Amino acid sequence: MHGKRSAALRRARSAALIGLAVAVSAGCSGGDDGKSGETAEQAARPPGTHSWTGRPCELLTGAAPAEGFTLGSTTDSASSDAQEDIGENGARPLYRETGCLADLKAPDGTFWKLSTRASVYEDPQAARHAYRVKEDLDRAHGRGPEKVHDAAYAIPADDGGRPGRTLLLWNGDLVLTVSAYAPHGSTEHDVQQSLERIVGNAARRTEDGLRDPDASSPAP
């Protein structure tokens, strides 16, 4: 009985500390620079042209994943070889994929997980089609996509009982998937805001880092 009470107290303390960090983050001033939390996830950007990188985890460094969180160990996952997708009318558009798996440390010392996967297509229309296919599949499987804006949606995620959130985003020739997971024993209600901020910030920084500022924007 004592062990159960101690575990409950630890979870309550964790939720309180993370809630405090979220409140502090919400009160921070500043523009939509990827540091202010929810605004990073909500804002739609004009379509851009993106480049592949073999060091995707570097795109997440230099700023906190969310207020009070720190980035821990990271693992790059990148293949420079072009892959074939299944496109419209039998077409097989090419894309290259890169991603990052990272540990995050919360204000209370618990560890969270973050992963990114970016697919950079040779043809923006193929990227748009791939994004729409993913959205249709999630809807068909009853995962209830939550619209973030016209080119991004979020769904609940789970990793062996760890509550999480996945954000899917399309921008020009890029299809980006970002997922974050809270520790075991967390309740979805307690960690929802932190998950939103983490995936929103990671998506913005990844898209920023892959975007070619000198390239002309593709047609929407």
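Predicted model: local features only at pLDDT ≥ 70, side-chain atom pairs only at ≥ 80, totals over all residues.
The chain comprises four helices and seven strands. Read from the N terminus, these elements follow the order α-α-β-β-β-α-β-β-β-β-α. Of the 220 residues in the chain, 42% are buried. Among contacts with a separation of 6 or more, 61% are accounted for by residues 24 or more positions apart.

Strand β6 spans residues 162-171. Because 10 of the 10 residues of β6 are buried, the strand is largely enclosed by the rest of the structure. The burial applies to both faces of β6: R162, G164, T166, L168 and W170 are buried on one side, and P163, R165, L167, L169 and N171 are buried on the other. Strand β5 (residues 152-159) runs antiparallel to β6, and eight bridges join the two. Within this pairing, A152 is placed opposite L169 of β6. The strands β5 and β6 form a hairpin with two residues between them, in which G160 adopts a positive phi near 60°.

Strand β6 is also joined to β7 by eight bridges, again in the antiparallel sense. In this pairing, L168 faces T177 of β7, and G164 has Y181 of β7 as its bridge partner. A hairpin is formed here too, with two residues between β6 and β7. In its turn, G172 has a positive phi of about 60°.

Strand β7 covers residues 174-181, and eight of its eight residues are buried, so the strand is largely enclosed by the rest of the structure. On one side of β7 the buried residues are L174, L176, V178 and A180, and on the other they are V175, T177, S179 and Y181, leaving both faces covered. S179 is itself among the buried residues of β7.

The structure holds one disulfide. It is formed by C57 and C100, with the sulfur atoms 2.1 Å apart. The link of C57 and C100 is right-handed, with 105° about the S-S bond. The two cysteines are 43 residues apart and link distant parts of the chain: C57 belongs to the loop between α2 (38-42) and β1 (70-84), whereas C100 belongs to strand β2 (residues 94-105). C57 has a relative accessibility of 4% and therefore counts as buried, the cut-off being under 20%. C100, at 4% relative accessibility, likewise counts as buried.

A search of the whole structure identified one cavity of 30 Å³ or more. The largest cavity holds about 40 Å³ of space. Its lining consists of L60, P65, L71, L114, I198, A202 and R205. Helix α4 (residues 188-210) gives the most to this lining, with three residues. By class, six of the lining residues are nonpolar, none is polar and one is charged.

Two further positions were considered individually. S79 is located in strand β1. Its relative accessibility is 28%, and S79 therefore counts as partly exposed, a class lying between the limits of 20% and 50%. When neighbours within four places in sequence are left aside, S79 is in contact with W52, R96 and E97. The C-alpha atoms of S79 and T98 lie 6.3 Å apart in space, while the two residues are 19 residues apart in sequence.

R92 is found in the loop between β1 and β2. With neighbours within four places in sequence left aside, its contacts are with E84, D85 and I86. R92 and A126 are 34 residues apart in sequence, and their C-alpha atoms are separated by 8.9 Å.

Note on methods. Residues numbered from 1 in each chain as written. Heavy atoms only, no water. Disulfide = S-S within 2.5 Å. Buried < 20%, exposed > 50% of the residue type's maximum accessible area, 1.4 Å probe, protein only. Pairing = 2+ DSSP bridges. Contact = heavy atoms within 4.5 Å. 1 Å grid on protein atoms, 1.4 Å probe; cavity = no way out; pocket = protein on both sides within 12 Å on 5 of 7 lines; lining within 4 Å. Points joined across faces, edges and corners; volume = space filled by probe spheres on them. Nonpolar A, V, L, I, M, F, W, Y, C, P; charged D, E, K, R; others polar.
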